[in-house]
Amino acid sequence: MKAIFALLIWIGLFHLHAAEGPISPPLGGADEAPPKLSPVTRLQTMWRTDLSKRDVFKPHKQLLSQQIFESERIVVREITGEEAFKRIDGTLQATERSLILTGDLAALRKQSKLTEIHNPGTFGSGFSAYLAPDGSLILLWVIPEG
């Protein structure tokens with residue numbers, strides 16, 4: 001009986017020690033970069049973890065919480081900062097500048113290459129977000145109705 005009890009304890013300790021290690025082998029070496037997220041996934045992650053919690057987004061939170069995840073309506077394209085600047089500057093009147101929720105036009109204009117993530121909206125406002133090549137968010141604005 002003591003031998004069986006000792007064997008059960010040994011098996012239990014063996015399994016406990018084995019459970020401390022990885023269940024499956026690691027997916028890559030320590031020098032490997034994490035998988036690159038698509039621009040849309042990156043924006044969605046930023047929205048969930050940071051942007052949706054900021055006060056400046058509160059008036060548009062419901063709209064953006066829906067539109068950022070409407071993958072069937074989102075268009076992604078490469079664009080220059082100058083092209084993005086002209087579009088925004090030509091669209092927004094002085095009283096609508098508060099629709100730029102994060103970032104500024106001067107920083108946007110200086111970018112030679114951007115990724116635009118755009119949802120035109122359905123029967124109202126849409127949005128456009130601009131990511132730098134490193135994936136950082138340069139500017140996000142709500143496109144006014146009309």
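User: How many of the 6 residues of β3 are buried?
Analyst: Strands here are DSSP runs of E, at least two residues long, and helices are runs of H or I, at least four; both are numbered from the N terminus. Buried means under 20% relative accessible area, exposed over 50%, and partly exposed in between, with a 1.4 Å probe and protein chains only. β3 is largely enclosed by the rest of the structure, because its buried residues number 6 of the 6.

User: At which pLDDT do side-chain atom pairs count in this model?
Analyst: Residues are numbered from 1 along each chain as its sequence is written, and side-chain values use heavy atoms, with hydrogens and water left out. This is a predicted model: totals for chains, interfaces and linings use all residues, local features need pLDDT of at least 70, and side-chain atom pairs count only at pLDDT 80 or more.

User: Which residue of β3 stands opposite Val76?
Analyst: Two strands pair if DSSP finds at least two bridges between them. β1 (residues 75-79) and β3 meet that test, antiparallel over 5 bridges. Val76 faces Ile117.

User: Which residue in the turn of the β3-β4 hairpin has a positive phi?
Analyst: β3 also pairs with β4, again antiparallel and over 5 bridges. Asn119 stands opposite Phe127 in β4. The hairpin leaves 6 residues between the two strands, and the positive phi, about 80°, belongs to Gly121.

User: What is the bridge partner of Phe127 in β5?
Analyst: β4 and β5 pair in the antiparallel sense over 6 bridges. They form a hairpin with 5 residues between them, and Gly135 in its turn has a positive phi of about 95°. Phe127 is bridged to Val142.

User: Which residue in β5 does Thr102 stand opposite?
Analyst: β5 is mostly covered, with 6 of its 7 residues buried. β2 runs antiparallel to β5, joined to it by 2 bridges. Thr102 stands opposite Leu140.

User: Is Gly81 buried or exposed, and at what relative accessible area?
Analyst: Gly81 is found in helix α4. Beyond four places in sequence, Gly81 is in contact with Leu108, Arg109, Gln111 and Leu114. Gly81 is buried, at 0%.

User: Which residues does Gln67 touch, not counting those up to four places away in sequence?
Analyst: Gln67 is found in helix α3. At 4% relative accessibility, Gln67 counts as buried. Gln67 touches Ile74, Asn119, Gly121, Ser125, Gly126 and Phe127.

User: What is the relative accessibility of Pro59?
Analyst: Pro59 is found in the loop between α2 and α3 (61-67). The C-alpha atom of Pro59 is separated by 10.0 Å from that of Leu99, 40 residues apart along the chain. Pro59 counts as exposed because its relative accessibility is 65%.

User: How much space lies in the largest pocket?
Analyst: On a 1 Å grid over the protein atoms alone, a pocket is an open set of points where a 1.4 Å probe fits, with protein on both sides within 12 Å along at least five of seven lines; lining residues have an atom within 4 Å of a point. Points are joined across faces, edges and corners, and a volume is the space filled by probe spheres set on them. The largest pocket is lined by 14 residues, and Lys36, Thr115, Ala132, Pro133 and Gly135 lie nearest its centre. Its space is about 190 Å³.

Technical notes
Contact = heavy atoms within 4.5 Å.
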